[in-house]
Amino acid sequence: MSKQGGNGMASTVPLLTPYKMGAFHLSHRVVLAPLTRTRSYGNVPQPHAILYYQQRTTKGGLLIAEATGVSDTAQGYKDTPGIWTKEQVEAWKPIVDGVHAKGGIFFCQIWHVGRVSNHTYQPNGQAPISSTDKPLKPMVIDNHIVADFSTPRPLETDEIPMVINDFRVAARNAIEAGFDGVEIHGAHGYLIDQFFKDQVNGRTDKYGGSLENRCRFGLEVVQAVVDEIGADKVGMRLSPFANYWESSDSNPGALGLYMAQALNQIGILYCHTVEPWMITFVDKVETPNSLGAMRDAFKGTFIVAGGYNREDGNAAVSGGYADLVAYGRLFLSNPDLPRRFEIDAPLNKYNRDTFYISDPVVGYTDYPFLSSDV
């Protein structure tokens with residue numbers, strides 16, 4: 001398949017070829033990965049996000065919104081957005097409208113951080129909820145503690161349906177806000193991943209122990225969301241091989257394969273999986289592991305993420321390893337990334353120091369576009 005490039009010629013760049021994802025006709029395969037931006041003051045999305053997302057929108061392009069809390073217990077960072085209140089839903093509407101006005105397809109990533117939190121972010125100063133009572137070590141940078149985490153409280157078995165319902169309501173709210181669908185955040189050491197991973201989950205109830213039991217909570221969340229908005233509007237993000245926030249598993253290959261097969265049974269639209277080489281947040285590492293087995297098992301659209309560049313992404317698509325490739329840091333610093341990939345233009349460098357500041361412009365909407373005559 002090919003698409004018309006900016007020069008009127010059919011594109012031969014694999015990342016720039018069209019793709020049909022369920023009912024959605026994508027004009028290319030470059031996806032905006034969900035990126036936490038900490039600019040939603042008081043957990044309410046702000047008008048400056050309209051420009052941020054519009055800048056990264058192309059007609060027929062898929063964008064996944066930054067991780068968005070499902071409840072007042074879901075927060076673990078300053079000024080991350082939520083979607084559990086009417087005010088938040090209304091604040092999302094003009095942002096979603098801005099993406100749709102440029103022809104983009106917009107999914108909302110819904111999350112719960114679980115134990116990656118502090119009592120100061122929690123209602124009434126309570127302990128964060130998790131699968132476990134194992135606390136995280138403080139985050140230390142240059143011998144300074146930059147984040148301290150409170151000891152979590154393990155959810156009682158009979159409380160879990162209430163948390164599942166929070167995801168269901170958040171999905172309904174996302175559709176009310178105008179999103180085309182939702183991505184359930186089951187990765188990166190957050191709440192669902194805290195159930196998946198045997199390093200963290202030491203439960204003895206039906207949500208702990210065996211692989212099937214550890215996956216039960218995440219799959220019940222998926223089923224509840226599908227029952228609410230339809231499987232054709234649901235994706236899930238997974239990171240079986242990663243050790244983000246001290247969440248690793250003794251058999252990540254089995255975990256990933258089990259989830260791919262279980263998600264097939266539910267019939268969701270896509271599976272968005274982080275590469276084994278991204279064991280931590282920052283840099284690629286050498287690994288013998290691959291997402292090939294998950295890719296082969298999953299029947300829907302398979303999205304990969306994790307430090308991809310143009311060459312890697314083209315190889316993944318042309319080799320059938322992935323249908324779509326999600327880009328985070330490169331899409332942040334290059335709002336016109338699909339166009340740059342199309343013509344193999346130079347890329348702006350990202351500035352890590354401005355990823356998580358509160359400024360509504362700096363490191364947010366001030367990265368330059370290619371000049372119009374390129």
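# Exercises on a predicted protein model

The protein chain has an accessible surface of about 14800 Å², and 53% of that belongs to carbon and sulfur atoms. Accessible areas come from the Shrake-Rupley method with a 1.4 Å probe; for residues, only the protein chains shown count as cover. This is a predicted model: local features need pLDDT of at least 70, side-chain atom pairs count only at pLDDT 80 or more, and totals for chains, interfaces and linings use all residues. Residues are numbered from 1 along each chain as its sequence is written, and side-chain values use heavy atoms, with hydrogens and water left out.

## Exercise 1. The whole chain

Solution. 
- Start with the elements: the protein chain has ten helices and 15 strands. Helices (H or I, at least four residues) and strands (E, at least two) are DSSP runs, numbered from the N terminus.
- Along the principal axes, the C-alpha atoms fill a box of roughly 60 × 45 × 40 Å.
- Of the 374 residues, 58% count as buried. Buried means under 20% relative accessible area, exposed over 50%, partly exposed in between (1.4 Å probe, protein chains only).

## Exercise 2. Helix α5

Task: check the span of helix α5 (residues 211-229), then locate its kink.

Solution. 
- The expected span is 1.5 Å times one less than the number of residues.
- For the 19 residues of α5 that gives 27 Å; the end C-alpha atoms are 27 Å apart, which agrees.
- A kink of about 40 degrees is centred on Phe217. The bend at a residue is the angle between axes fitted to the seven residues ending there and the seven starting there.
- Phe217 is buried, with a relative accessible area of 0%.
- Leaving aside neighbours within four places in sequence, Phe217 is in contact (heavy atoms within 4.5 Å) with Ile160, Val163, Ile164, Leu191, Ile192, Phe195 and Tyr207.
- Just after α5, Gly230 takes a positive phi of about 100 degrees.

## Exercise 3. The nonpolar cores

Task: which residues touch the most other members of the largest nonpolar core?

Solution. 
- A nonpolar core is a set of buried Ala, Val, Leu, Ile, Met, Phe, Trp, Tyr and Cys residues joined through side-chain atoms within 4.5 Å.
- The largest core has 96 residues, and Tyr53 and Ile110 touch the most other members.
- Helix α5 gives the largest share of this core, ten residues.
- A second, separate core has 16 residues, including Tyr19 and Leu324.
- Beyond four places in sequence, the contacts of Ile110 include Val70, Phe167, Ile184 and Val225.
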